[in-house]
Amino acid sequence: MAELDDDDNKKGKDKTVTIIVEATPHEWPKGSKISYAEVVTLEFPDFPQHPERTYSVTYRKGEGKKHEGILAPGASVKVKDGMEFNVTDTGQS
């Protein structure tokens with residue numbers, strides 16, 4: 001039975017990539033995009049209940065020509081394995 005679980009894990013691993021948000025790894029669907037709100041929520045799980053909070057989100061090790069940049073509210077970016085995100089509370093509301 002453990003072998004079946006290992007096979008299932010390997011298959012699932014092919015469909016996800018690991019992104020890093022503030023030094024914490026997270027699995028994300030391979031080939032998909034991640035939004036500003038989704039990145040912030042990975043770091044601050046209560047963000048959806050506090051949309052008045054503003055954060056600065058930057059990324060590096062991204063896809064193609066956009067290998068680094070700023071992710072603005074309402075925007076999204078395609079994920080890549082090993083992509084890194086930094087989320088900083090701007091102190092504004």
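Modeller: We shall discuss the core, the strand pairing and one histidine in this predicted model.

Biologist: Which residues touch the most other members of the largest nonpolar core?

Modeller: They are Ile19, Ile34, Val39, Val57, Leu71 and Phe85, in a core of 18 residues. At least two core residues come from each of strand E1 (16-21), helix H2 (36-43), strand E4 (55-60) and strand E7 (84-89).

Biologist: Why might such side chains be found together?

Modeller: In soluble globular proteins, nonpolar side chains tend to be buried together.

Biologist: Take Val39. What is it in contact with, leaving aside neighbours within four places in sequence?

Modeller: With those neighbours set aside, Val39 contacts Val21, Ile34, Val57, Leu71, Phe85 and Val87.

Biologist: Now the strands. How many bridges join E1 to E2?

Modeller: Six bridges join E1 to E2 (residues 24-29), and the two strands run antiparallel. Within this pairing, Thr18 has Glu27 in E2 as its bridge partner.

Biologist: And what lies between those strands in the hairpin?

Modeller: Two residues separate E1 and E2 there, and Glu22 in this hairpin adopts a positive phi near 50°.

Biologist: Do E1 and E7 run parallel or antiparallel?

Modeller: E1 and E7 run parallel and are joined by two bridges. Ile20 is paired with Glu84 of E7.

Biologist: One last topic: is His26 buried or exposed?

Modeller: His26, which belongs to strand E2, counts as buried because its relative accessibility is 17%, and the cut-off for buried is under 20%. Apart from neighbours within four places in sequence, His26 contacts Val17, Thr18, Ile19, Val21 and Leu42.

Notes. Residues numbered from 1 in each chain as written. Predicted model: local features only at pLDDT ≥ 70, side-chain atom pairs only at ≥ 80, totals over all residues. Heavy atoms only, no water. Core = buried A, V, L, I, M, F, W, Y, C linked by side-chain atoms within 4.5 Å. Buried < 20%, exposed > 50% of the residue type's maximum accessible area, 1.4 Å probe, protein only. Helix = DSSP H or I, 4+ residues; strand = E, 2+ residues; numbered from the N terminus. Contact = heavy atoms within 4.5 Å. Pairing = 2+ DSSP bridges.
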